[in-house]
Amino acid sequence: MFEITVTSPEETMALGQQLTAGLHAQDVILLDGDLGAGKTTFTKGLAVGLGIKRHVKSPTFTIIREYQGGRLPLYHMDVYRLENGGGDELGLDEYFNGDGVNVIEWSKFIADELPAAYLRIVFKRDDEAGESQRTLRFEPVGAHFEKLVAQLAVAHE
């Protein structure tokens, strides 16, 4: 596990961008936290790091947004609307076993559909410390993600 505090959206994006160096097709990144905590901002950094030129927006109403044109495709999912089920009908296995990086916001709603290995990042707002201050906790599951998080931690020592 690795935890870091950021004080601006730019720092949040930079963390996402740094993470992409070690990402591969079929990687799954879970972004959990309150509304407005920085999940989509982090995803924008991932897109930049992957070389994707398109503007990244929250997939709240579309559930899945696909971004092509980078080193790897980016599949950005917001499964909040699946609070009452339905994740099995999205064909998530096709994404998880596909050619891109999968980013999932509100993963608790599809916990039964998740692969064995993933990286969970928990975003916590600290409004008392400042409007843009966030703490990001990186929780790796699986050797690949443990290595990624260790590299990120060393880069921020």
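Leaving aside its neighbours within four places in sequence, which residues is Arg134 in contact with? Point 4 takes this up. The notes below refer to a predicted model.

1. Overall make-up. The chain has four helices and seven strands. Followed along the sequence, these elements come in the pattern β-α-β-α-β-β-α-β-β-β-α. Of the 157 residues in the chain, 46% are buried. Among contacts with a separation of 6 or more, 64% are made by residues 24 or more positions apart.

2. The pair α1 and α2. Helix α1 covers residues 9–19 and helix α2 covers residues 39–50; their axes come within 7 Å and cross at roughly 45°. The two helices are therefore oblique to each other. The crossing in which α1 passes α2 is right-handed. On the α1 side, the residues that meet α2 are Pro9, Thr12, Met13, Leu15, Gly16, Gln17 and Leu19. Their partners in α2 are Thr41, Phe42, Lys44, Gly45, Leu46, Val48 and Gly49. By type, the residues of this contact are seven nonpolar, six polar and one charged.

3. Thr12. This residue sits in helix α1 and is one of those that meet α2. Is Thr12 buried or exposed? Its relative accessibility is 3%, and residues under 20% are classed as buried, so Thr12 counts as buried. Not counting residues up to four places away in sequence, Thr12 touches Val6, Gly38, Thr41, Phe42 and Phe123. Two of these, Thr41 and Phe42, are also listed on the α2 side of the helix contact.

4. Arg134. Here is the reply to the opening question: beyond its sequence neighbours within four places, Arg134 is in contact with Ile4, Thr5, Val6, Gly36, Ala37, Gly38, Lys124, Arg125 and Asp127. Arg134 belongs to strand β7, which spans residues 134–141. Although arginine is a charged residue, Arg134 counts as buried, at 11% relative accessibility. A polar atom of the Arg134 side chain lies 2.8 Å from the backbone oxygen of Gly36. Phe123 is 11 residues from Arg134 along the chain, and the C-alpha atoms of the two are separated by 6.6 Å.

5. His156. The position of His156 is in the segment after α4, a helix of residues 143–155. At 33% relative accessibility, His156 counts as partly exposed. Which residues does His156 contact, leaving aside neighbours within four places in sequence? They are Phe2, Ile4, Leu15 and Gln18. With Gln18 there is a polar contact of 2.6 Å between the side chains. His156 and Ile4 lie 152 residues apart in sequence, yet their C-alpha atoms are 8.4 Å apart in space.

6. Two positive phi angles. Gln26 is not a glycine, but has a positive phi of about 80°. Gln26 is in the loop between α1 and β2, the latter being residues 28–33. With a relative accessible area of 40%, Gln26 is partly exposed. Trp106, likewise not a glycine, has a positive phi of about 65°. Trp106 is placed in the loop between β5 (101–105) and β6 (118–125). Is Trp106 buried or exposed? At 13% relative accessibility, Trp106 counts as buried.

How values were computed. Residues numbered from 1 in each chain as written. Predicted model: local features only at pLDDT ≥ 70, side-chain atom pairs only at ≥ 80, totals over all residues. Heavy atoms only, no water. Axes fitted to C-alpha atoms, helices over the stretch in contact; angles between N-to-C directions. Parallel < 35°, antiparallel > 145°, perpendicular 65-115°, else oblique. Left-handed = near helix turned anticlockwise from the far one by under 90°. Contact = heavy atoms within 4.5 Å. Buried < 20%, exposed > 50% of the residue type's maximum accessible area, 1.4 Å probe, protein only. Polar contact = N/O pair within 3.5 Å; in protein donor to acceptor, adjacent residues only side chain to side chain.
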